[in-house]
Amino acid sequence: NNSHINNNQINNNQINNNQIQSKKNYLFANSTITNIFNFVLWNTRSLIGSDKFIVLQNVILNFQKISKSSFAWTRSRIYSWTSGTLVGNSQIDTNLIWTTPVFVSNWLNSYSSNSTMFHELNQICEPISHTIILVARRDSHNPFFQISAAFNTWLTMLVLNLDIEETQIIIMDTNQTPLDDLWTVVLNGGKYETLRFMDLKSKIFCAKQIVIAPPEYCGPMMKDLDAGAICSDSQLLKRFTQFVFKKMNIEDSKDSKLSITLNSRHSSRGRILQRQLGNEKLVFEHLQTSWQNTKLVDFSLLTFKEQLQIARQTNVMVGMHGAGMVHSMFMQDESALIEFFPKSKVRFSYRNLCKYMNKAYLMYRAPTDREPLIMPIEQLDQLMEVVTQLSKNWGVNVS
């Protein structure tokens, strides 16, 4: 409902199927590469890229030309594409390259407009008639960015009216985390297995349609991180969360008693995290004294389904600002988030999420930037008093 792309715009950008179907053999049809501005994604911008997705039709995708990764962040690496990885018989608009994310520019720079090579490879390539979506996650260790990337891919499917059963995800990075279920289960239609480049490095595909979705650093979840969001009640985000619940078989099991989750944030798996809660044990014990249904949870140690189950049973989520707080978007419909910040850290990502999802949001900002943060119990009680009153209004038993 929020999309401003109409059929005329889509047809003008050469992404209708009539062009393909009019060819006797799509393997020898003219290649097209189209840069579509996605108004659904609210026109956000970043140094990494913008809210655009790339559609390539009738092109050769030669995985043998992909070299070892040259782009690396944290433990995840994105593979580098050498000249001839993409082959077609039409020219590419050079303006397309510099407006795309760094690693997508690398992909498009690998495109060779060579009719002779195109037709030679057509004789030996494996034809792929369904749509391929290429995914490269820069911050694949980070649940906030993983969900942002998956949400952008889901939106891209909606805008292009792609049939999820006729769509296949190929992951072009090396990392593996519990949130990979977003790609292997949630965005998988069941007909085609979600693949990784390492499974395909000897393959040459002749692809009817390849889509490169916007990366995690743009899109609705990334908008206004440094400013207050002006939007609220996002039907797109609500629809996406319901889609995730359905695909992951998460039932809506609402507890009559107030359920509190203290989000534990610690360094693990070789990652050194800032913004840790120095008196986490004291905070947990204090909350548990007043509300027995209080859990201390490190979401990074759980499967994605377990993460969703705990979040869905939660009325109140409490914790330090960090990527794990993204699970607040999966809390019960009537719920609240309490977020702790050091003095100088300013981010509105989870306040915005709560606004989009119609959830209550409260914040504590420390008087200093000292690490780790010590949460004053009196301040915590004041925040919980507000939450308790809200919970009563929601009909939740707070005793």
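How many bridges join strand β14 to β15? In this predicted model, the two strands run parallel and are joined by 6 bridges.

- Strand β14 covers residues 336–341, and within the pairing Ile338 has Leu362 of β15 as its bridge partner.

**Cavities**

- Rolling a probe the size of a water molecule over the atoms shows where empty space is left.
- The structure contains 2 cavities of 30 Å³ or more, and the largest cavity has a volume of about 80 Å³.
- The lining of the largest cavity comprises 15 residues, of which Val135, Ala136, Ala213, Pro214 and Pro215 are the closest to its centre.
- Two or more lining residues come from each of the elements α4 (102–109), β7 (126–135) and α6 (143–159). Among these, α4 gives the most, with 3 residues.
- Classed by residue type, the lining of the largest cavity has 12 nonpolar residues, 1 polar residue and 2 charged residues.

**Backbone features**

- Most residues other than glycine have a negative phi, and most peptide bonds are trans.
- A cis peptide bond joins Glu371 and Pro372, with omega at about -10°. Pro372 is located in the loop between β15 and α12 (377–393).
- Asn161 is not a glycine, yet it has a positive phi of about 55°. The position of Asn161 is in the loop between α6 and β8 (167–171). Helix α6 is also one of the elements that give two or more residues to the lining of the largest cavity.

**Confidence of the prediction**

- The average pLDDT of the chain is 83, and 81% of the residues score at least 70.
- Residues 1–28 have a pLDDT below 50; in the model, this stretch has 46 contacts beyond near neighbours in sequence.
- The pLDDT is also below 50 over residues 38–49, a stretch with 41 contacts in the model beyond near neighbours in sequence.

Methods
Residues are numbered from 1 along each chain as its sequence is written. This is a predicted model: local features need pLDDT of at least 70, side-chain atom pairs count only at pLDDT 80 or more; totals for chains, interfaces and linings use all residues. Side-chain values use heavy atoms; hydrogens and water are left out. On a 1 Å grid over the protein atoms alone, a cavity is a set of points where a 1.4 Å probe fits but cannot get out, and a pocket is an open set with protein on both sides within 12 Å along at least five of seven lines; lining residues have an atom within 4 Å of a point. Grid points are joined across faces, edges and corners, and a volume is the space filled by probe spheres set on the points. Helices (H or I, at least four residues) and strands (E, at least two) are DSSP runs, numbered from the N terminus. Ala, Val, Leu, Ile, Met, Phe, Trp, Tyr, Cys and Pro count as nonpolar, Asp, Glu, Lys and Arg as charged, and the others, Gly among them, as polar. Two strands pair if DSSP finds at least two bridges between them. pLDDT is the predictor's confidence in each residue, from 0 to 100. Contact means heavy atoms within 4.5 Å.
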